[in-house]
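This report covers a sheet with its packing helix, and then two further helices.

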Amino acid sequence: MTGDAAIEAIDVARTYALDGVSVSALRGVSLTIAHGEHVAVVGPSGSGKSTLMHLLGGLDQPTSGRLRIGGRDVAGLTPAEMAHLRNATIGFVFQSFHLLSRTSALDNVALPLVYRGQGARERRERAALMLERVGLSHRIGHKPNQLSGGEQQRVAIARALVTEPAVLLADEPTGNLDQATGAAVLELLEQLNTAEGVAVVLVTHDREVAERARRQITMRDGRIVDDSAAADGAGTGPVTGDASGEVPR
Ligand SMILES: Nc1ncnc2c1ncn2[C@@H]1O[C@H](COP(=O)(O)OP(=O)(O)O)[C@@H](O)[C@H]1O
Ligand SMILES: [Mg+2]
């Protein structure tokens, strides 16, 4: 247990019950995400990447094992306590943006601050700054359907960052974007990591993208089968596994 850990999972498992059948999505995963890290998670479709991200982000609870987010054990937290911890520690970016469709970019970004009891004016000022940070100052009044996919993902990133999280979790954030737009979004995430020290954990199918991260984690069948941080000569080895050429879920 290092003081440096932003998130720590110890032998975490997650089993889903589906029509009376149990599906083991994660079968005992241990990993530590340190502050400021840049981690890529790769692995075939169905290997448990999204399940792991949901757990690391406090969107879900493990069936067994221990999970600490921001130094707190999530076991036994009420949903309200969990939401508070998440709001204080984690930013989440999804493949399909998850923006409120009838709400302006500015108010989408300001929303997470509502739970902090900040005044409306302060929230909007802060949201405007975040939108400027992601290059969208000229779009603050636009609703999601008035924005391109890349712009919507930038809004989602601004929303994830507005609470100044220690960790940004991004689950295939470029999955719905064309190559060039996706590259720009990834560049933004990298910049946030290097310039602002936000730890970034990124699920990707793109081997080249994964190799740009300092650490690569490969999953298969609900397990971590390779972690470059654990290997000798940490972070220097190639990404193993068939991370490319699959259909994202
Ligand atoms: N809500 C759910 N209910 C039942 N099974 C699920 C659920 N979510 C995911 N799974 C199953 O868990 C496994 C891992 O899924 P997931 O974490 O989404 O993988 P990945 O993101 O790597 O594609 C898959 O077999 C998937 O079908
Ligand atoms: Mg997934």
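## Basis

This is a predicted model, in which local features need pLDDT of at least 70 and side-chain atom pairs count only at pLDDT 80 or more, while totals for chains, interfaces and linings use all residues. Residues are numbered from 1 along each chain as its sequence is written, chains are lettered from A and ligands numbered from 1 in the order in which they are written, and side-chain values use heavy atoms, with hydrogens and water left out.

Helices (H or I, at least four residues) and strands (E, at least two) are DSSP runs numbered from the N terminus.

Four strands form an open sheet in the order S2-S1-S4-S5, with antiparallel pairing; two strands pair if DSSP finds at least two bridges between them. Strand S2 (21-34) and strand S5 (72-73) are the edge strands, each pairing on one side only. Eleven bridges join strand S1 (residues 5-18) to S2 in the antiparallel sense, and Glu8 stands opposite Thr32 in S2.

Helix H1 (residues 49-56) packs on the sheet and touches S1, S2 and strand S4 (64-69), contact meaning heavy atoms within 4.5 Å. The direction of H1 makes about 55° with that of S2; axes are lines fitted to C-alpha atoms, for helices over the stretch in contact, and angles run from 0 to 180 degrees between N-to-C directions.

## Helix H4

In helix H4 (residues 120-133), Arg123, Arg126, Ala127, Met130 and Leu131 are buried (under 20% relative accessible area; exposed is over 50%, partly exposed in between, with a 1.4 Å probe and protein chains only). They cover an arc of only 140° around the axis, which puts them on the same side of H4; the arc is that of the directions from the helix axis to the C-beta atoms. Arg121 and Glu132, on the other side of H4, are exposed.

The cover over the buried residues of H4 includes helix H3 (105-114) and helix H5 (149-161). Just after H4, Gly135 has a positive phi of about 75°.

## Helix H6

The buried residues of helix H6 (residues 179-196) include Val185, Leu189 and Asn193. Seen down the axis, the buried residues of H6 fall within an arc of 150°, so they line one face of the helix. Among the exposed residues on the other side are Gln179 and Glu187.

The buried residues of H6 pack against several elements, including H4, H5 and strand S3 (38-42). Gly197 follows H6 and has a positive phi, near 75°.
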